[in-house]
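Colleague: I am new to this structure and would like to learn how to read it, one feature after another. Could you show me the picture and then take me through it?

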Amino acid sequence: MILNIENLQKTYPNGVTALDGISLEIGKGMFGLLGPNGAGKSSLMRTLATLQLPDSGAIHFNGLNVLEKPMELRKQLGYLPQDFGVYPKQSARKLLDYFALLKGISSKKDRNTKIEEVLELTNLSDVQKKNVSEYSGGMKQRFGIAQLLLNNPKLIIVDEPTAGLDPEERHRFLNVLRALGTEHIVLFSTHIVDDVTDLCTNLAIITKGKVLKSSSPKSAIEELNSFIWTKTILETDLEKFKSDFMLVSSHYTENNQLIIRVYSKTQPDESFEKAIPSLEDVYFITLNHSGK
Amino acid sequence: MIGSIYLHELNYWLKKPIIYVYFAVFFSFSLISFLGSGGYFDEPIKASETIRLLNSPHELNYLFQYIGKLFLFLIPAIIGTSIYKDFRYKVHSILYSYPFDKKAYLTGKFLASFSIVTLISFSAAFAFVIGEWLLGAANPKMGIFNGLAYLQAYFVFLLPNFFVFGVFVFTIVALSRSIYSGFIVVISLFLIQLITENAFQGNNFLIAISDPFGQNAVSFETQLWTLSEQNTKLIPFFGPVLYNRIFWFSTAILFTLSLFKAFTLSQNGFQVYFRKPKISQQSEQSKSKSLKTSQSEVEFDFSFKQQIKLSWKLSTFDFKFVVFSPMFIIFSALGILSVVLMLLRLTQNGELLMLPLTRLMLAIPAFFYITILILATFVYSGMIIHRASVSGMSALIDSSPINNSVLLFSKLIAIIRVQFLLLFLLMCTGIALQVSMGFFTIEIGQYLFFVFIVSGLMVIVWALISIFVHTLVPNLYGGIFILLLIWLGKSGFSQLGINSYLLQFNAAPQLIFSDLNGYGSQLPGYFLAQIYWLTFGFLTLFITCLFWKREFTFTFKNLLEMAKSRLNRFVQIGFLLFLIVFVSLGRFIYKAEHSEIGEKLTKSRISAFETQFSPLKDLVQPRIKSIKLEVDLFPETNSFVVSGTYILVNESENFIDTLVLKTGFDEITTYSLSTENQLLLSDSLMNVFAHKLEKSLAPNDSIQLSFTIKNESNTLFERNSNVLKNGTFLKFDILPRLGFPFQKQKKHPVDSTAPNNHYQAIDSDLIEVDVVLSTNETQTVLANGVLKKQWKQDGRNYSQYKSEVPQKMGMGFNSGEYQVEKNTWNDVKLEIYHHETHQYTIKNMMLGLKSALDYNSANFSPYPHKEVKIIEFPLSEGTYATLFGNTILTSEARFGMNTKEEDKIDLSFYVIAHELTHQWFGNNLLPKDVLGAVMLTESITEYITLKIYEQTFGKERALQFLNMQRLRYLKGRKRETQDKTPLYLVKAEQDYISYGKGALAFNALAQILGEEKLNEILKSFLIDFPSNETKYPTTLDFLERLKRETPKKYEYIITDWFEKSVFYDLEINSAIQKEMGNTTEVSLEFTVKKQNSDSEDLLPLNDVIEIGFYDENDSLIELKRVFVTEIQNKLLFSIDKKPSEIILDPNFLGIEKDVKNNIFSF
């Protein structure tokens, strides 16, 4: 099972280049797409979900030319856009029945079986008669997953699914995704690094329509082993450290001091302590210092 | 706070380009309409007295009301949207967290959007002012510019309407959070108007006050205005207009208050549930199961068959979404209610009642309902098309493996299901009403055919075009606006003189149903035009499919690329196939429309003809003395062949050497004369020919004219032959006539140059007629005269009819499958030939015949014929009745009257009695062909019928009828600037004078002279002027006789009624009663004013006034008659019984516009 993305290019009429030669090879498992807002994640995902045509490039899914035969992909696709709504005053059950019809499940019995199954999977069985438009944010996101599962998708694309969820909801939601990732390609975008660390088999960091890094989280972190150093400094000294070192990130402690993390092949000086690298370090280094 | 919200909102709208587009479109539309009405695009109009000024307050008000209907679109589009956009773009969740006062928020928004609508509406005023300037003062339709008229139209009607409707729409949109509701509210206003008009039937004041548009308040004030009043007067404001405005303004206030109360600045707003939702309280966290991801195998089916099924199944979702919305339920309930009330008025509550026949159910009420249905289609199709994107669900749908065409079809099917549900409701309403009235002749086939096929085809085309427009125009308002323009354009085309079904969108010939003849020959043309437009609709569907919104597109180029990528073989071939069908049908229509070869009749063409023939205008012609005809009717082929001969006699004292002949307009006629002659002049378009006789016709010599007439065959859209499949009524207008047929103006009775012709023929007096008719073997042929012989030959039915006594020119030839009702009156055979199911009014008609025979033979002279026939003809041929010899031809309409309601006029009886009375005044008495002729036929007949009616149904019903005649006269005056025509000079087309005023005039005479005395006068007149050729009588002869027989003190009545146009204004000022032992003394103060219709000056009085005293059961106690000479009168009356009501002039001795103040109740 493989999704091949080759050199996708898209420039919008307002001059913004959303996809700037993106190429990726994505296999079974969870694939995280990391990037800041406006990096082109959504454009890429819409393009993969056949809702938008690229200016050039190619997409193949298990040998299927997606751009030529979008309908064939849609049969195997589960897509959850970043922001979606549903018909008001319709219960989850009713809406799922509608989507099941759209997805080609013709027999009533089959639809019921499938709907029960996805409701169970997303833990919505108890609220299936409630109107989705009145769901809480997490419930609505899970409903989004429920609908995308109806056609036994082989390729699942979820755009920023955890935005706005409370920690518990987020946790539960990611669990559902992870379970799905064991048998399918799950491509999901986020700007929350922690989402990716625990779950993803592979990741890509993109910004301004370009892939900056593509690897497994584990190897990406390993690359930084013993290159990350930390030090507590005064707030007023931050600018100085910024110019002297490759600053990765900084955050405040409770007594208003700053802890900074810097990237360096060797210990900068004795006041720096060695730190355990994290995916966040990878993300910031890739975003801010790639090419340096 | 209101100020800043107001300015912010105003600013938002003023930046929108669409506002200026609306202004421009409305401006152009108003200007074109105004200029068009002013004749800017036509030949110049000649000034005349009967011109309706275009810029009079009355007419401007009318025009602004009309344009105002179009402006209604702006109310949801702007006022509704000003609140809706906050929900739509989810601004409300942020906005509502601000510390707003909700009243300020709502008020500011409303006022700003109302200001915008007001500004746009000024486009019409600008257009009209510019229009006035462009037409110029020289245009006869232009009066003096009247700024007050504009102010009145805006500040009394348009703007208050926008304000009130704006409040309704704003409230409903704010509470339902759906802009569609706003549009439905606006459409519902029309339903509310209709409902009030029908619910308050009989009470014009309530109708005036309750009309949301205020139009009926205007009509209430102006319904009796003559044209000159319409041209000059402002619409009175204090009165019903003001009450109407107050009523609707108060309703708007109530809406505002309820909005302030119910509106919440919260996320979810106001919701309507059919069932109260159960909120599951169970916590989800309690369950945490291990996730299994192995997915069960289900079958996915993308087969073609399944796709078809899927379209239907998916449509159910959208269909339910529409029909279960509260607005739809309210809307359809209002629609049904208006149909019910309309039908109840027609069948039970109105003045003249009809039976709840299926054809009635499907006539006017259905037309109105379907119009509303079309408007609703524009809104609901937008709702269905934009549904996914409005709710934010389109990405989910668009990424699923569903075909565009399946989705598109599902939407189309959903709209059609909504339409058909509404049509089904219409049908059920009709049937339910029929059953509830105990009328069980329900023609389900007729219902189904009309509702689902005839109307169904038409509304489906609207569904197709609506989907097309809403798909190509992503903006909902833009879409609805364009659809409205297409809809209006449909009628606008005909105003521009384009009358081709090829171009008039979704137009088809009007169908009239008859029980005798079904939809007749109109049906093929209807289906051709309708299927042509349906094909057009399907062509747009292909384009809709190409541009169906699915993938994101960012530029127009993208869009075209997308459309191109979807242009697959299937679409190409399908489009091509439909295109071929469309073009072929179009060709067919074009051919049918252009099959009538030859010149068009134009004004200049007619005047060319007149110049050519004018030397022959006054040539004396021989008279037709006898007619022999063979009429062969062929119902199957809608054709006929007539051959015949006329004997023409020179009755003048001079030789005649030139004959002028006119043959039937729509027929092919060949003819020959029995003497040598040559064609002198001919005009084959007007069908007028002049022949020079080789040997002049000496006085008393005769000549024979032989002719053969065939019909032109019918085309798809034009009926040229009056032979029908069943119920043929072929009239004598197919026959050749003599003399120059287009005499313009009738002469004055004193004019001695007027030829001695009777009022209905210039070429004959009384004629002997002998007709042999034939038709197919299932039908019966009928003509006026007496049946001499009846036989079968070669599988055809033959009958011969002959006139017993010579008759005036006028005959009909009928053929149909009739049922016959037979009866006798003395020795006279009475027969009614009618459609088998039309039994309803047979008894009333038979009674009408007998009563008329009784009255007229007792008072005037014996009935001259041995039989009377009544023959029914189909509705498609008209709704009138007429008398030819001994035969009354009457429309199917009279066979469907509801005669069960005892307090209503029995029109079936009345019409038959009227027509038969024409035997005496119209056949027996033939007036001379000069002005006033119809006074001697129609006025006298209408009066006698009233007396016959009174004998059968009583005084009260007769007075009710007389009051209808009074209103007929008063309303008829609307058409003319000045009511200058006195009764004795009435023209044939002024039926409001000849029937309305005529009946009142003779009734007043009868009241004063006594019925018997008047009948004696009429009888002596009838004896002295029998229909003979020596001297036909005029109204002057009659008035002379009348004056001779009338006491001097009453002569003013003859002058006032017959020779002048005089109005009274009577009023009871006070009445006091005192009991004096057995009697009651009543002291009555009243005013009497009399004036000529064209002057404000009061006329001197020496007039008889009747005063009626009535008891509590409305029965007359006593009728007092007094002579008054003063305006103010105070009189004492002694009455035997205590009166509870006094009425001045209860028998209509004089005409008054307002009779309400003639009544005094104790």
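Modeller: Let us begin with helix α5 (residues 137-149) of chain A, which lies across β6 and β7 (155-159) of chain A and runs at about 160° to β6(A). The model is a predicted one, in which local features need pLDDT of at least 70 and side-chain atom pairs count only at pLDDT 80 or more, while totals for chains, interfaces and linings use all residues. Residues are numbered from 1 along each chain as its sequence is written, and chains are lettered from A and ligands numbered from 1 in the order in which they are written.

Colleague: How are helices, strands and the angles between them defined?

Modeller: Helices (H or I, at least four residues) and strands (E, at least two) are DSSP runs, numbered from the N terminus. Axes are lines fitted to C-alpha atoms, for helices over the stretch in contact, and angles run from 0 to 180 degrees between N-to-C directions; two residues are in contact if their C-beta atoms, placed from the backbone, lie within 7 Å. Read in this way, helix α10 (residues 279-289) of chain A lies across β3, β9 (202-207) and β10 of chain A, at about 30° to β9(A).

Colleague: In what order do the strands of the open sheet in chain A come?

Modeller: Strands pair if DSSP finds at least two bridges between them, and here 6 strands form an open sheet of mixed pairing, in the order β6-β7-β8-β3-β9-β10 (chain A). Its edge strands, each pairing on one side only, are β6 (77-80) and β10 (210-215) of chain A, and neighbouring strands are turned by 15° against each other on average, direction ignored. Within the sheet, β3 (residues 29-34) and β8 (residues 185-190) of chain A run parallel and are joined by 6 bridges, with Leu187(A) in β8(A) as the bridge partner of Phe31(A).

Colleague: Which elements of chain A touch chain B?

Modeller: In total, 48 residues of chain A are in contact with 36 residues of chain B. The elements of chain A that give two or more residues to this side are α2 (70-76), β6, α3 (92-102), α4 (108-121) and α6 (167-181), and α4(A) gives the most, with 5 residues.

Colleague: Why is strand β10 of chain B described as largely enclosed?

Modeller: A residue is buried if 20 or more other C-beta atoms lie within 10 Å of its own, exposed if 12 or fewer, and partly exposed in between, with C-beta atoms placed from the backbone. In strand β10 (residues 764-776) of chain B, 10 of the 13 residues are buried, so the strand is largely enclosed by the rest of the structure. On the parallel side of the account, strand β1 (residues 623-634) of chain B pairs with β10(B) over 8 bridges, and Leu629(B) stands opposite Val771(B). With strand β13 (residues 796-802) of chain B, β10(B) pairs in the antiparallel sense over 7 bridges, and there Asp770(B) has Lys802(B) as its bridge partner.
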